[in-house]
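Welcome, and please open the model in your viewer.

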Amino acid sequence: MTANFDSPSVLSMHDAGVHFDGVKAVDGVSLSVSRGEVLGLIGPNGSGKTTTLNLLSGMLRPTVGAVMLDDSDLSRLSMRKRVHAGVVRTYQSGRVFERLTVFENVEVAALGAGLRRGAARAAARSTLTQLGLDDVADLPADSLTAGRIRTTAIARALAAQPRFLLLDEPAAGQNETEAVQLIESIRGFAREHGIGVLLVEHDMPVVMGTCDRLHVLDSGRTVIEGEPQRVRKDPQVIEIYFGKRA
Amino acid sequence: MTTQVLVRLRTPLLLCAIAGVVAVAGLAGGPTVERVAVLALISIVFVTGLSTFSANSGIMSFGHVAFMALGAYTAAFLTIPVPLKGTLFSQLPEPMSFLRELQSSFVVAVVVGGLVAAVLGLITAPGIARLSGLQSGIATLAVLMVTYNVLSSWTSVTRGSSSMIGIPQATTLWSGLGFAVAAIIVAWAYQSSRSGLQLRASREDYWASVASGVSVGRHRATAWVLSAFLCGAAGALYASFITSFNVSVFFLSTTFSFIVMVVLGGYLSLSGAVLGAVGVSLLQEVLRRFQDGQFTGGSALPAGVADLMLAALLLVVLIKFPLGLMGSGELGQRGRQQQTDEVEPQPEGASA
């Protein structure tokens, strides 16, 4: 089979792990995301969620195992090349380009994806409209409210023309209603454009109703993967996850 | 859309107008004022060049005077009359003896001066593209050190520590103004280009720009080479104005003086660089007169007082306005104060 970057349908990780000086931050994790679905990656703090996202996005290279896009091995590709292959990430704190305008933030990502100037501007305009950021398009990104800074970060990721979107706690710092609302709109967007979403989140109630499947990590290893209702009832999950709160 | 373009055009128009005011002031004053004005216009060419790299990449360069030096030496080789060159460069190595016969017009010398500097820019670009932060600053300084040492030691070609003399005076108020306007337009066009926008994104957040698919190294290299060209042209203009120069001028004190201009004005802003060049040129002249005793009833102050006061001013500005007077804003664009009041309590998050 030849690699076909035009229509990859599955982003996956196979027995992948990364070791920092002998410490296994992620150890033998396998997972896959299909286009159009939302996979929730959950687990307590330090369970390896962000490290897993870093492995998929190219911020880290796996020391064992592989990251695949359909049949092509992405493991050695840089983050920038993975963006061009359609795998785009966001950062936990948003990390918008603070002194650029909201419009420029989004335009940069469209240019980075290889669009020409006119096409990039058109893509930026339509993305801003879809996410309701039209009224702040010409303001510097750091002048927005925290919630809209996060939305700008998501708009920027969407403008990079992703086929797979890796979101690192996009709703952190927002209350549960706002978080669910934000993730619902991301899910709508993903279905409409056939984007596969990996959602890192530590708040269990937020992911229950919004994700198609959940993948639970603890200490860098997979605990269970499955539909939210099934995962919630798993005794191991209750112990390591809910147990800590009780 | 059209109005947006007009708004964007206000910045280069205002900056060109400032350069125009400098030229007119030079015209109105005596020979001393004219000299200050021409040097200020040459400084505008240099700092727009420096700013093309540093304002967009966010990396301060301490090495751009090396490009200026190459431009100045190139202009010297191209414009010193052939008979004089025969005596000045009698020891020129055989493969380079063709340099003795070269002769070009002033404008060609300025452009070629820029091109030669751009070649040094191309050679050093791969290193600059890979480095960030402190490492990058040191690397730019290393470019200056290497260039300075080659120029001051390669006596048979550069005359080493002997002065370069006999360059025909060609830079005037008007040609200085013309090149300053051209440099402002080039710098502004780069800043607005897709490469400039992506480079500014990497300045704001390196990893976020990589995650947006931006090829940071490529854009850094582009800006570096373009800025080398502009600073080389500034060097050629300089040589064609003062007619004789010594290699020692292209070293740390000149570097410091340009850094003061860019930092005072705002090193993330093209407008800041231009305003800084004009302001500091004026200030240096006032301080020089002060040091000479023109304001203190004729009793001269100790040498170095002028530099000391400039350094003190730099310190005060760095403490009060770390990003300089302009910050990261541009003349003619909406001020940040007006922009920072978006705090209306709107429902947050994405509304589809």
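Where in chain B is the place of B:Phe53? Select B:Phe53 and you land in helix H2 of chain B, residues 31–57; helices (H or I, at least four residues) and strands (E, at least two) are DSSP runs, numbered from the N terminus.

Before we move on, a word on conventions. This is a predicted model, in which local features need pLDDT of at least 70 and side-chain atom pairs count only at pLDDT 80 or more, while totals for chains, interfaces and linings use all residues. Residues are numbered from 1 along each chain as its sequence is written, and chains are lettered from A and ligands numbered from 1 in the order in which they are written.

**Around B:Phe53**

Is B:Phe53 buried or exposed? B:Phe53 is buried, because 30 other C-beta atoms lie within 10 Å; buried calls for 20 or more other C-beta atoms within 10 Å of the residue's own, exposed for 12 or fewer, and partly exposed is in between, with C-beta atoms placed from the backbone.

**Chain B as a whole**

Zoom out to chain B, with its 15 helices and 0 strands. Its radius of gyration is 21 Å, close to the 20 Å from the globule rule for 352 residues, so chain B is as compact as a globular protein of that length. The radius is taken over C-alpha atoms, and the rule is 2.2 Å times the number of residues to the power 0.38. Of the 352 residues in chain B, 48% are buried.

Next, select helix H12 (residues 252–265) and helix H13 (residues 270–291) of chain B, which pack at about 125° with their axes 7 Å apart. Axes are lines fitted to C-alpha atoms, for helices over the stretch in contact, and angles run from 0 to 180 degrees between N-to-C directions. H12(B) and H13(B) are therefore oblique to each other: under 35 degrees counts as roughly parallel, over 145 as roughly antiparallel, 65 to 115 as roughly perpendicular and the rest as oblique. Residues making the contact include B:Val260 and B:Leu264 of H12(B), and B:Gly272 and B:Gly276 of H13(B).

**The sheet in chain A**

Over in chain A, 6 strands form an open, mixed sheet in the order S6-S7-S8-S3-S9-S10; strands pair if DSSP finds at least two bridges between them. Strand S6 (87–89) and strand S10 (221–226) are the edges, each pairing on one side only. The twist averages 15° from one strand to the next. Show S3 (residues 38–42) and S9 (residues 213–218) of chain A: they run parallel, joined by 4 bridges, and A:Ile42 stands opposite A:Val216. Helix H6 (residues 176–193) of chain A packs on the sheet, touching S3, S7 and S8.

**An enclosed helix, then the interface**

Helix H1 of chain A (residues 49–57) has 9 of its 9 residues buried, so it is largely enclosed by the rest of the structure. A:Gly58 follows H1(A) with a positive phi, near 100°.

Finally, show both chains: the contact takes 40 residues from chain A and 26 residues from chain B. On the side of chain A that touches chain B, H3(A) gives the most, with 6 residues.

Notes
Two residues are in contact if their C-beta atoms, placed from the backbone, lie within 7 Å.
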